[in-house]
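Here is a short report on one protein model. Have the sequence at hand while you read.

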Amino acid sequence: MQHCIATLRTKEVINKKDGCRLGHVCDVEIDACNGCVVNLIVCRGFRFFMPYGCENDIKIPWCDIEVIGDDIIIVCYTPKPAPPHGCSKRGFFR
C-alpha cells in the first residue's frame, strides 16, 4: 500500500470539467472496514508550515476519478461553493 500512495504522489490532478490543475495527490483516505480508498486528498500550495493538513486541501471522492494515467489523474470534480463573505472557518476566538 505504501508503494501505491508514493506512486500517486507523483501525479498531478486535472479537473476535466474546466481543464484546471487542482494540484498533486498528498494523501488518501481509506475506509478501514473494507480497505477501499474513499477520497484522494489533493494539496494546493506549499506545506512548509502546515505539514498535517491545510484548509486549501481538496477531498476528491473516489467515484469522481475518471482516469489514472502515467503522469496525471483526470477527475470530474465540482468544487464546493465558497462561504458567504464575512464568514470564516477559523479565527482567534472560535
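Strand β1 (residues 12–15) is joined to β2 by 3 bridges, and the two run antiparallel. Strands here are DSSP runs of E with at least two residues, numbered from the N terminus. Two strands pair if DSSP finds at least two bridges between them. I14 has R21 in β2 as its bridge partner. The two strands form a hairpin with 5 residues between them. In that turn, G19 has a positive phi of about 75°.

The model is predicted: local features need pLDDT of at least 70, side-chain atom pairs count only at pLDDT 80 or more, and totals for chains, interfaces and linings use all residues. Residues are numbered from 1 along each chain as its sequence is written, and side-chain values use heavy atoms, with hydrogens and water left out.

Next comes the β2 and β3 pair. Strand β2 (residues 21–31) meets strand β3 (residues 36–43) through 7 bridges, again antiparallel. These strands also form a hairpin, with 4 residues between them. The two hairpins compare as follows.

| Hairpin | Residues between strands | Turn glycine and phi |
|---|---|---|
| β1 and β2 | 5 residues | G19, about 75° |
| β2 and β3 | 4 residues | G35, about 75° |

Along this pair, I30 has V37 in β3 as its bridge partner. H24 stands opposite C43 in β3.

Now the core. A nonpolar core is a set of buried Ala, Val, Leu, Ile, Met, Phe, Trp, Tyr and Cys residues joined through side-chain atoms within 4.5 Å. The largest one has 13 residues. V13, L22, L40, I60, I73 and V75 have the most contacts inside it. Two or more residues come from each of β2, β3, β4 and β6 (72–75). β2 gives the most, with 3 residues.

L22 has contacts (heavy atoms within 4.5 Å). Beyond its neighbours within four places in sequence, L22 touches residues including V13, V42, I58, I60 and V75.

Is N39 buried or exposed? N39 sits in strand β3. N39 counts as buried because its relative accessibility is 11%, and buried means under 20% relative accessible area (exposed is over 50%, partly exposed in between; 1.4 Å probe, protein chains only). Leaving aside neighbours within four places in sequence, N39 is in contact with V28, E29, K59, I60, P61 and W62.
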